[in-house]
Amino acid sequence: MILDKFKLDGKIAVVTGANTGLGQGICIALAEAGATVVGVARRSCEETAAQIEKDRFFELRADLSDMNNAEYVIDETIKQFGRIDILVNNAGIIRRADVVDFTEQDWDDVMNLNLKMLFKLSQLAARQFIKQGAGGKIINIASMLSFQGGIRVASYTASKSGVKGLTMEMANELAKYNINVNAIAPGYMVTNNTEMLRKDEKRSAEILARIPAGRWGMPEDIGGACVFLASSASDYVNGFTLAVDGGWLGR
Ligand code: NAP
């Protein structure tokens with residue numbers, strides 16, 4: 001039955017940036033679909049855990065700006081649960097400055113977390129998926145700025161355009177192992193990431209006026225797409241970046 005294909009019972013999912021925002025919405029959705037979720041964050045995931053059935057959510061503390069922690073995240077998951085089936089690379093940061101003033105620090109910090117760590121975790125998860133021999137699902141969180149240029153966000157646009165390209169590249173190499181690598185490109189969502197934009201009344205009104213859905217997205221808006229891409233309902237979807245944007249890109 002088709003709805004059974006969306007079920008994630010018995011699956012072990014690792015979600016980065018699990019304490020708040022879209023990561024929190026993703027953890028809740030995956031757990032509701034039946035998965036056991038390992039939520040990775042550099043601070044407490046108490047708020048996320050409170051919204052998930054007991055024994056369905058486990059917190060793993062790690063600062064993902066430290067590249068050495070990629071091994072720790074995957075090894076610790078295997079140690080505790082014996083396997084991994086789904087990886088959601090959600091943790092990400094943004095820095096805003098004019099191109100002419102953009103600092104190397106703001107370039108490196110964003111590229112390291114949004115792109116390099118995403119690659120390292122995907123590489124380690126893929127090795128484990130191959131060892132397990134039962135395929136796997138990698139879901140990367142991209143952005144509208146995987147498709148558009150943006151303004152005053154040079155490293156973020158570079159990283160998220162990289163995420164879209166890397167998603168296709170990894171899908172090309174890993175499809176033969178029944179590993180799916182897809183991405184979700186959220187539109188303008190109400191999270192800490194967009195707090196500065198939403199506080200700027202002029203920019204906020206301009207953005208809202210351009211969203212066909214007539215509202216900003218919420219963390220729960222991303223859950224359906226994530227469950228689909230994490231489940232066997234999407235087994236023949238690979239290398240694609242799916243926009244969840246209230247119609248923004250079609251405008
Ligand atoms: P958010 O509320 O700021 O969440 C970002 C998450 O990443 C938080 O859990 C954050 O933890 C975590 N993180 C940041 N640096 C980390 C580090 N060094 N180690 C571990 N975790 C770290 O924003 P969000 O909107 O939910 O962002 C989630 C993803 O969606 C990001 O990749 C973002 O680029 C993408 N996205 C968001 C939007 C939007 O409109 N909101 C649109 C397109 C794409 P802390 O709470 O500790 O900082």
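User: What covers the buried residues of H8?

Analyst: This is a predicted model, and in it the cover over the buried residues of H8 includes helix H1 (21-32) together with strand S4 (86-89), strand S5 (136-141), strand S6 (179-186) and strand S7 (241-244).

User: OK, and how many residues of H8 are buried?

Analyst: Helix H8 spans residues 223-230 and is mostly covered, with 6 of its 8 residues buried.

User: Which ones are they?

Analyst: The buried residues in H8 are Gly223, Ala225, Cys226, Val227, Leu229 and Ala230.

User: Switching to the ligand, where does it sit, and what surrounds it?

Analyst: The ligand takes up the space of the largest pocket. H1 and helix H5 (154-174) are the elements that give two or more residues to the shell around the ligand. That shell holds 29 residues, of which Asn19, Arg43, Asn90, Tyr156 and Thr191 are the closest.

User: Which side-chain atoms come up against the oxygens of the ligand?

Analyst: An N or O atom in the side chain of threonine 191 is 2.5 Å from an oxygen atom of the ligand, and for the side chain of asparagine 19 the corresponding distance to a ligand oxygen is 2.6 Å.

User: What about the backbone of glycine 92?

Analyst: There, a backbone N or O atom of glycine 92 lies 3.4 Å from an oxygen atom of the ligand.

User: And how much of the ligand does the protein bury?

Analyst: The protein buries 94% of the 880 Å² that the ligand exposes when taken alone.

Notes
Residues are numbered from 1 along each chain as its sequence is written. This is a predicted model: local features need pLDDT of at least 70, side-chain atom pairs count only at pLDDT 80 or more; totals for chains, interfaces and linings use all residues. Side-chain values use heavy atoms; hydrogens and water are left out. Buried means under 20% relative accessible area, exposed over 50%, partly exposed in between (1.4 Å probe, protein chains only). Helices (H or I, at least four residues) and strands (E, at least two) are DSSP runs, numbered from the N terminus. Contact means heavy atoms within 4.5 Å. A residue is near a molecule or strand if one of its heavy atoms lies within 4 Å of it. A polar contact is a pair of N or O atoms within 3.5 Å; within protein, one must be able to donate a hydrogen and the other to accept it, and residues adjacent in sequence count only if both atoms are side-chain atoms. Accessible areas come from the Shrake-Rupley method with a 1.4 Å probe; for residues, only the protein chains shown count as cover. On a 1 Å grid over the protein atoms alone, a cavity is a set of points where a 1.4 Å probe fits but cannot get out, and a pocket is an open set with protein on both sides within 12 Å along at least five of seven lines; lining residues have an atom within 4 Å of a point. A molecule sits in a cavity or pocket if more than half of its atoms lie within 2 Å of its grid points.
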